[in-house]
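Here is my note on the model, in numbered points. Please read it with the structure open.

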Amino acid sequence: MTNRQVTIGKTDVHTTPLGLGTNAVGGYNLFPNLRDEDGIALVKAGLNHGIQLLDTAFVYGLDHSEELVGQAMADFDRHQVTLATKGAQDFSSGEQVINNDPDFLTQQVDASLKRLNTDYLDIFYIHFPDKQTPKAEAVGALQRLREQGKIRAIGVSNFSLDQVKEANADGYVDVVEDEYSLLHRDHEADLLPYLKDHQISFVPYFPLASGLLTGKYDRDVTFPDDDIRSQMSDFQAPRYGQALDAVAKVRPIADAHDATVAQVVLAWYMQNPLISVVIPGAKRAEQVTANAKALDVTLSTEEYNTIDQAFTPFKHSASGKSLADPD
Ligand SMILES: NC(=O)c1ccc[n+]([C@@H]2O[C@H](COP(=O)([O-])OP(=O)(O)OC[C@H]3O[C@@H](n4cnc5c(N)ncnc54)[C@H](OP(=O)(O)O)[C@@H]3O)[C@@H](O)[C@H]2O)c1
């Protein structure tokens, strides 16, 4: 097992370039048929196979993902785990309201610490921007929590480039988490260059495009109406067929490395200088164990470029619209 490390922003948080997304660990409000024991087992599988960063959030299972992650981590050295969580969802009115108020974010951090059974978070992200709080004020609250030793790195998620700039007015933002994958490359045009220039790390979510980039689907697949993939644009024609054509170009590279398509796709992200940590999710421990082997895959420059070019149709076009987006 290799011991590759990346640094989060300008902090002293060092971690593996491969993390684990845990929205299916206790995320019963997001996925059907989850079992707590599978969630705990898959987190332990990640930590046992060289993955350090765990990405959770209050809203995954409304407390439950954080609680299960906390239980799974209890058997491991806390300093070997990079713990990232998120908050901003306020249910005090009975329905979900996004709230970035400094006092509310402070309460969220304290509540996350309790659920995760730890006295510090390696990364805390504002999960979504609200409409009313000045972004630098919200981040200022997190800076005070950093000074108190409760968090080590400050993150924002689902912020536009302008919102990231506003949030980073005092230079306190260390890491941004947003959707990006070989099928969703819009951020290459603007957000990612800004982050690189300001030494802010980027953590892409949905890196496997909900399984489509693992190579396990074919043209004949259908999803029942209650499966979220039946609604996702990636799984609709003509985009779905274009995605399968691109994935097919990865398969010979995977075969040459005696690896899976998912491992090679994850290796591509890890070799992409614009990306800090890639956080694939999983439903079962075997998927995590398999994905962790991506840490041992090194692509040649030619292989890296072949994959890059296979997914060029999914880059942002000069007209401002991704060529592969459905009309
Ligand atoms: N900040 C945010 O707003 C935000 C939003 C979304 C997600 N996230 C984070 O990003 C993480 C990743 O997103 P995601 O988990 O939704 O999507 P993803 O990483 O693109 O896809 C993960 C899914 O792919 C399938 N899969 C994974 N490994 C596989 C393997 N080796 N072989 C076959 N199938 C495999 C599993 O689903 P099946 O077994 O069902 O196919 C798994 O649940 C989340 O867990 C969460 O931590 C953050």
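**Crossovers and fold**

1. S10, helix H6 (residues 191-197) and S11 form a β-α-β unit that is right-handed. Right-handed means that, with the strands pointing away from the viewer, the path from the first strand over the helix to the second runs clockwise. Helices (H or I, at least four residues) and strands (E, at least two) are DSSP runs, numbered from the N terminus.

2. This is a predicted model: local features need pLDDT of at least 70, side-chain atom pairs count only at pLDDT 80 or more, and totals for chains, interfaces and linings use all residues. Residues are numbered from 1 along each chain as its sequence is written.

3. S10 and strand S11 (residues 201-205) run parallel, joined by five bridges. Glu 177 sits opposite Val 203 in S11.

4. On S9 (residues 154-157), S10 pairs in the parallel sense over three bridges; strands pair if DSSP finds at least two bridges between them. Val 175 in S10 is the bridge partner of Gly 155. S9, helix H5 (residues 161-167) and S10 also make a right-handed β-α-β unit.

5. How many residues of strand S10 (residues 175-179) are buried? Four of its five are. Buried means that 20 or more other C-beta atoms, placed from the backbone, lie within 10 Å of the residue's own. Across the protein, 46% of the 327 residues count as buried.

6. The protein has ten helices and eleven strands. Its radius of gyration (over C-alpha atoms) is 19 Å, close to the 20 Å of the globule rule (2.2 Å times the number of residues to the power 0.38) for 327 residues, so the protein is as compact as a globular protein of that length.

Definitions and conventions. Buried ≥ 20, exposed ≤ 12 C-beta atoms within 10 Å, placed from the backbone.
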